[in-house]
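Let's walk through the side-chain links in this model, one pair at a time. Have the viewer open and click along.

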Amino acid sequence: MRPIRAACLGTATALATLLVCAPVAAAAATDTDSAHAKGRDRVFTIIGRLAQETHFPVNPGGAPAQGDRAVFRSILFDQNGNEIGDTGGTCTTTRADNGGAEECVVTYNLPGGQLSVQGMVFGFLNPGPPPSFDNGITGGTGEFDRARGMVHADTIAPGTRRFTVDLDH
């Protein structure tokens, strides 16, 4: 089984790692207007802390393999440290060589609705902190309906990621 890594919180988190990893009340305390209604881009930053992660290896006790899966949940916070939501997601290993690659699907539950995010995370099997990654926003609900854009994730501490959400409308 591979070492436990902070999820893509979705994406990140995957988004965690998305962000497996592992993302808004006050939309990260900076923007509460609906970007869809305003017809403009919207960027905000949230912090995700890994709360739970379970691994389902193809080869229990063996080397990482294609098909390994991680299921995770992270708690989301605004820049002031206020809890604003959570993420839930899965990442499936698609390549176990050259540092590894995994496909992650993450839902960010935020005030005002949900964001759906998915994409690849490369290098998650390399030593050191989990790598940064970018995943695409594929949709949403509520104020995030028809959302598109991307989530950039950076590991800022063990089990903690910073997600920069860039919504295009």
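Aspartate 145 and arginine 146 pair up through their side chains in a salt bridge, with N to O at 3.5 Å. The term here means a side-chain nitrogen of Lys or Arg within 4 Å of a carboxyl oxygen of Asp or Glu. Arginine 146 is exposed at 58% relative accessible area, while aspartate 145 is partly exposed at 25%. For those labels, buried is under 20% relative accessible area, exposed is over 50%, and partly exposed lies in between (1.4 Å probe, protein chains only).

Before going further, some housekeeping: this is a predicted model, where local features need pLDDT of at least 70 and side-chain atom pairs count only at pLDDT 80 or more, while totals for chains, interfaces and linings use all residues. Residues are numbered from 1 along each chain as its sequence is written, and side-chain values use heavy atoms, with hydrogens and water left out.

How many salt bridges does the structure hold? There are 4. Another one of them joins arginine 162 and aspartate 154, at 3.8 Å from N to O. Arginine 162 is partly exposed, with 32% relative accessibility, whereas aspartate 154 counts as buried at 18%.

Then there's arginine 42, whose salt bridge with glutamate 143 puts the closest N and O atoms 2.7 Å apart. This pair ties together distant parts of the chain, 101 residues apart: arginine 42 sits in strand 3 (residues 42-56), and glutamate 143 is in the loop between strand 8 and strand 9 (148-157). Strands are DSSP runs of E with at least two residues, numbered from the N terminus.

Now for the covalent part. A disulfide is a covalent bond between the sulfur atoms of two cysteines; the cut-off used is a pair of cysteine sulfur atoms within 2.5 Å. The structure has 1 disulfide, joining cysteine 91 to cysteine 104 with S to S at 2.0 Å. It links distant parts of the chain, 13 residues apart, with cysteine 91 in strand 5 (residues 83-95) and cysteine 104 in strand 6 (residues 101-110). The link of cysteine 91 and cysteine 104 is right-handed, with 115° about the S-S bond. Buried or exposed? Cysteine 91 is buried at 0% relative accessibility, and cysteine 104 is buried at 0% too.

How values were computed: Helix = DSSP H or I, 4+ residues; strand = E, 2+ residues; numbered from the N terminus.
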